[in-house]
Structures are given as C-alpha cells and as structure tokens.
Amino acid sequence: MIRHLLSKNSLSSEKTEFSIQNYSAFAVCFLLVHEEAAAEAVYTDIPDTLINYNNETFDIDMNGDEIIDFAVIRRSFSFLETTYYSGYITSHLSALSAGPQAVGNKIAGFTEVWGGSSAAGSFLVYFPYALDAGEMIDDILSFQDDGFQILAFRYRGQYSSYVKHGGDWYPESNDHHLGVYFKDSEDCYHYGWIRCDVKNEGKELVIKDFAYETKCSIGILAGDLIGDTTTVGINELDKLNATVYSFENTVYITVEELPKELEIDIYDLTGRLIYSKIMTDRIFSIKLNQPTGYYIINLSSDSKKYSKKIFID
C-alpha cells in the first residue's frame, strides 16, 4: 500500500517558501494572568495559514529558538502498488500529515496496521489525535515520533470502485488540537498544542496558533493560554496564605489574614477577565454563571499574591 508515507525522512526535506519565519506578524507572547504574576504558558499567534497545494509545507518553532520542532505537509501522488491477485496497479493517495522535526519530539496519536496480504506484507500507519479544547495533554496520551503522521487521507486504487479515507481529522475538523511533546536546548521536555482546522474532505489544513507549558514535563490543556498554576512563581514570602476550591459553579475562598484592598480576579483560559471584586471578608464565595471548564483565580494586594486553576461544573 502506501509505504512511501511511512518514511522516517524529515518533512523539512520538502520545504517550500511557506516557513513560519516568513511571517512578519509572527509573535511569541507571554500571557500575563495578572499585571505582576506571569503565567506558565507561552502562546504564539500567527496569521491563519492555509495549506492546500501539493507538497506545501509549514514549519513550527514552538519556543522561538530558531529550531523547527514540527512541520505539516499536504501530499498528493500516484504510485505503483503490489497486489496479490493483480500484480502491479497504480494507486493514488492524498493526505495531510504532521511530523516532528527534532530528535525526541513527538505527536499524540494512535496507530493502525495496514496491508497484510502475502505479497505486500503489513505495516503501521500513524494518526494524530484531533483533541478537543480542554483535553489534557500529558503522559496519559500515547505519543509517536514517526516523520509522517496522517491527519486526514483519501486513498483510491486503480479501480475507482475501491476508495478508502479516514484519519482522526477526516473529513472536517474545526478548532481541534495536535498534542505535542518537544525538547528545548536545555534538555527540558515540554507539552504543548497546535490548533488547526481540516476542511474540504481532508484536502485543506489551516494552522491557527499554538502554545506550550514552560515547566518541564508538566501537562497542558488543549487550548489553554494560562498553563500550570499549581505552584506560583513568586517569592514565598510574598505568597498569600489562602485556600481556594470550587464545588459545582461556586468558588470558595478563605484567607488566614485579610490584607488591605485584596482584589479577586477570575479569568477564563483565553485570558478574558470574567469577574473582579475587592474581598471584604476572610471567607468569601462567588457563584459563577459560566460554561463548564477551567478558570484562573487571582488574589492580589500591594504585598501578597495567590493564583490557582479551578474547575467550574
């Protein structure tokens, strides 16, 4: 079948002029959860980039270190295929693929065994997951380092009656995420996501943006712009002694001592402020009429700060 697709050769060997470095609008921004409390996610926004020509490739540098971490490519070609009964036939494959570009980098996904006849044998084909926003990307997922991993494909044999198509992103997929795992120059591995659309029955790919967690080997939610806040990156002397938890759609906050002008700010995972108020009592509760999901609670005064990610049902 499509043994060509499973080559370990880097996608970068078929680069075109569509490398990410060509975009003057490329920007890496550290999203701030609060004015003085930096979040742990690094988010990169790019112009929505359409991949729809044969052998068109797009490179992604997750952390701005000028090393290409991942690439996507659209491939469409014909090839000779050996069959058990008919000898050689001409087959055609059209596929959107993604692959790691550095040793140790991986993409979350699954495999299928293709082939299996005595003439052609069998082999593994690699498929990245199409992750929904809010799905956790960490070591619970299976990760693959193959150079060509198929988001969506359409295969047609010489006889038009035989058509095969599939992939987790086929036929249409809007605002789903590739789960990725990559190594930086200090041998720290990071989990991240790349948000894409697949359109036109698997013929077109749109790359929108991406992000990664700065902490080594700490997972990130697909679509999360905030990152891990289970530990606060500030001096412990300045840390507010507080307890914050949620039940259903209510947030409960208790502080040991109430500082003057203690401000409560609540953000969704896009960084949008949805609640802000000055805390007037040591024990405080907030009922949020918001969609189910994760939110960031920030408490801050002139001298003390506290930040935590909570889940609202």
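Reader: Which residue is the bridge partner of Asp 265 in β19?

Author: As a general idea, strands of a sheet pair through backbone hydrogen bonds, either parallel or antiparallel. In this predicted model, Asp 265 has Ser 276 as its bridge partner in β19, and the pairing of β18, residues 262-268, with β19 is antiparallel and extends over six bridges.

Reader: What is the order of the strands in the open sheet of four strands?

Author: The order is β19-β18-β21-β22, and the pairing is antiparallel. Because β19 (273-279) and β22 (305-312) each have a single partner strand, they stand at the edges, and one side of each is left without a neighbour in the sheet. Direction ignored, neighbouring strands of this sheet are turned by 20° against each other on average.

Reader: Which strands form the open sheet of three strands, and which of them are the edge strands?

Author: That sheet has the order β16-β17-β20, again with antiparallel pairing, and its edge strands, β16 (242-247) and β20 (283-287), each pair on one side only. The twist from one strand to the next averages 15°. Between β17, residues 250-255, and β20 there are five bridges in the antiparallel sense, and Thr 254 has Ile 283 as its bridge partner in β20.

Reader: How many residues of strand β10 are buried?

Author: Six of the eight residues in β10 (149-156) are buried, so that, with buried meaning under 20% relative accessible area, the strand is mostly covered. Strand β10 is joined by four bridges to β11, residues 163-166, in an antiparallel arrangement, where Tyr 155 stands opposite Lys 164 in β11.

Terms used. Residues numbered from 1 in each chain as written. Predicted model: local features only at pLDDT ≥ 70, side-chain atom pairs only at ≥ 80, totals over all residues. Heavy atoms only, no water. Pairing = 2+ DSSP bridges. Helix = DSSP H or I, 4+ residues; strand = E, 2+ residues; numbered from the N terminus. Axes fitted to C-alpha atoms, helices over the stretch in contact; angles between N-to-C directions. Buried < 20%, exposed > 50% of the residue type's maximum accessible area, 1.4 Å probe, protein only.
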